[in-house]
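Student: Please take a close look at a single part of this model, the surroundings of the ligand. I would like the contacts and the make-up of the shell in one connected account.

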Amino acid sequence: MKSHVQVAVIGGGVVGASVLYHLTRAGWNDVVLIERDELTSGSTWHAAGGMHTLNGDPNVAKLQEYTIKLYREIEEASGQSCGIHITAGVDLAATPERMDFLKVACARARYLGLGMEIISVDEAARLFPLMDKRHFVGALYNPLEGHVDPAGVTQAYAKAARNRGADVYRFTRVTALLPRADGSWDVITDKGNLVAEHVVNAGGLWAREVGRFVGLELPVLAMEHQYLITGEIPEVAASPTEMLHVIDFDGEIYMRQEGRGMLIGTYEKAGVPWAERETPWDFANALLQPDLDRIADNLEVGFRHFPALERAGIKRIVNGPFTFAPDGNPVVGPVRGLHNYWVACGVMAGFSQGGGVGLALANWMIDGDPGFDVWAMDVARFGDWATMAYTNAKVRENYARRFRVRFPNEELPAARPLRTTPVYDRLRERGAVFGAAFGLEHALWFAPPGTEPREDVTYRRSNAHGPVGDECRAVRNDVGLLEIATFSKYEVSGAGARAWLDRMLANRLPAEGRLALSPMLNDNGRLIGDFTVANAGRDRYFIFGSGIAEQYHLRWFESHLPPSGVAIRSLRTELLGFAIAGPASRDLLAKLTSADVSSDAFPFLAFREIEVAMLPARVGRISFTGELGYEIWVAADGERVLCDALCAAGADLGLRPFGARALNSLRLEKSFGNWAREYRPIYTPADAGLERFVDVAKPEFIGCAAVLRDRERGPTRRLVTLVVDVNDADAIGDEPVWHDGRVVGWVTSGGFGHCVGRSIALAYVPAPVAGATEGFEVEILGERRGAVRAARPLYDPTGLRMRS
Ligand SMILES: Cc1cc2nc3c(=O)[nH]c(=O)nc-3n(C[C@H](O)[C@H](O)[C@H](O)COP(=O)(O)OP(=O)(O)OC[C@H]3O[C@@H](n4cnc5c(N)ncnc54)[C@H](O)[C@@H]3O)c2cc1C
């Protein structure tokens, strides 16, 4: 065993082996993989090896494509067969709702270049003759589906890495990880110790244990999973070509050919977690007791839909555990607060995703950036609220719903409510329909008195459409009240605060008593944050941003802090508040404060620390709705009093609470972008139309050089506002945009602008077509709907109302 290495990858499943391979491919060769048993001895060895490019997140879908296409490369680099079978696949729909789901997936695949097609039942039956057509209404054809040999793939990664200088230590268990003063790690094993500059937790079934070595409780849990192999099926044996992969969403089963029969796997509704608290160290190359009863319902549907399966009988049943994160996507990246400790775990589809995870992590370790948009699998999307019990509830829910339709307006119920604010009950009394963001309950919209606060799930406009319209009109005409607890809030203080923020943020910092909007960029000049910054004087700044990105931003901030002179603190639970927006919002604020809130004394983008409703408050004059508005922040224990005071004082001003759905409609009318939608780490400020918030003349900031470089070249794409000709379904995001009959871009968000009476989509298109007005189309639920580019925001284009 070496005494000192650059990287120690812990875990020799498909994921750890892929990380090792990608590190060596990028030139880091002083790397070792440490495996407690034989390679693949965790969840990898008994996998069905299936692979496909279907994922709810477009970026993960793209990395799945990368993974599948990588197998030829690692076969060549290692001389080891991966047993590649690219058969293509057919995903079957039994209901119109499922067809909507498939049409959306197909459209998304169009702009990702994944080549999927919607096909008829007849065509599906021609491709997969085992199906009984009577049960289905249509299907999605996916050319990039198939299966590989799990052990072959893992060995190929490892051999190829070894060929490039990596070492693999088998039958060696890591028993502890101890941080060293220089930021590296003592890796303690049962065969001796070594020092590693970086450690990667690719512990799979034991990722939690490897996390606990450093005090980390990772949100992953294993579930038992069963597949069975049928006896010989004459139609399969006689087929001149290999059977296609099939997903029968209604039966909640997947299938592929295995020998002269079929392999059938299921995700049953009452899934069973395995090793809920701790994974036994003596579990290796082992399987679990099969339980056919548990999957009997699924099989019954499967046998009805594919009668030949029932006739074939069952030859073998496999029950094995593998891990999931609460939302089913991998958990990857550097861990906030731990130097050079990386995770690559919770990978539930190792043969579709392992390559992409390895590539992204290797890039991240080597270049400081994953090189792709990996938000959907970033470990930072979870906070400390993602406890073991939360994870347990969510993983079960996710497993049970694996093949169920997920509607765009659907809020999943497990583990809720988890985090609530003091006004949760107040909002509920007003009819709030809640969603959860970063674990926190927040109002999506308010059901009118006498109606049930429940939203119908659909790809089309829901029963929320009417009430949301009323909320929007209340904001535009009178005054609306929105709880803004979901924002992230940070206090930055200290003698070095200004200089540090100047380096972190791309815009000029506001003067004392003022607010400024500022993007944050990475070294490549890509957007990694979009904030409102308040200068509170005396070397204190408040920063407001996207709540879901709190850990993501804190990880970045903290890793760039100087040794002294600056402190940053999250005020997530300490500071809560409301936005009031609309022409009557000034009158409302004036009723609750003795401070002068006239336009002269409290102009647009001013920030004041004043009393509101007897409470010390921090108030910024800003609004994401495009109306005159204020954001009022108070200590959490005052939030309820503030809420009651605003409601009482606003009663005769027409005050109405509004939620996130109305906010979305209002900001679309103003063409305002949103974090995680229009602003993500693949876009530059110029792409996103944020150039005016980037000041290259101020002291050098992170990303400045890249901005200057990009300026010379000019942006390759642009964010545009499209007015779409729709019927009952608006764009929601991820639809392809066509121009002159070609797919040229994609929608980032969409919805109905209730006060302008138009359906709106924000979309990225190539710069050369961004100036066109006509000729656009947006593909919504399988139909190409005409769209016209709006050169200016549809509502109050000059911003007079905001500044009034
Ligand atoms: C029945 C079944 C069917 C499946 N079918 C498919 C499929 O069709 N397609 C697909 O993509 N996926 C499938 N999967 C899922 C797939 O198996 C996983 O996605 C994949 O195995 C995850 O790999 P991993 O490397 O993260 O974890 P693991 O395979 O669990 O590897 C982790 C490794 O780390 C080692 N380790 C842990 N702790 C230590 C330590 N302290 N010191 C040293 N070594 C350590 C372990 O011994 C283990 O070998 C299936 C899984 C099951 C159970």
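Tutor: A polar backbone atom of Leu 205 is 3.2 Å from an oxygen atom of the ligand, a polar contact being a pair of N or O atoms within 3.5 Å. The protein buries 98% of the 1,000 Å² that the ligand exposes when taken alone; accessible areas come from the Shrake-Rupley method with a 1.4 Å probe. The model is predicted: local features need pLDDT of at least 70 and side-chain atom pairs count only at pLDDT 80 or more, while totals for chains, interfaces and linings use all residues. Residues are numbered from 1 along each chain as its sequence is written, and side-chain values use heavy atoms, with hydrogens and water left out.

The backbone of Val 14 also takes part, with a polar atom 3.3 Å from an oxygen atom of the ligand. At Ala 48, a backbone N or O atom lies 3.0 Å from a nitrogen atom of the ligand.

The shell around the ligand holds 39 residues, each with a heavy atom within 4 Å of the ligand. The closest are Glu 35, Arg 36, Thr 44, Gly 50 and Val 347. By class, 19 residues of this shell are nonpolar, 17 polar and 3 charged; Ala, Val, Leu, Ile, Met, Phe, Trp, Tyr, Cys and Pro count as nonpolar, Asp, Glu, Lys and Arg as charged, and the others, Gly among them, as polar.

At least two shell residues come from each of helix H1 (14-25), strand E13 (221-230), strand E18 (314-324) and helix H10 (350-367). Helices (H or I, at least four residues) and strands (E, at least two) are DSSP runs, numbered from the N terminus.

Key:
A polar contact is a pair of N or O atoms within 3.5 Å; within protein, one must be able to donate a hydrogen and the other to accept it, and residues adjacent in sequence count only if both atoms are side-chain atoms.
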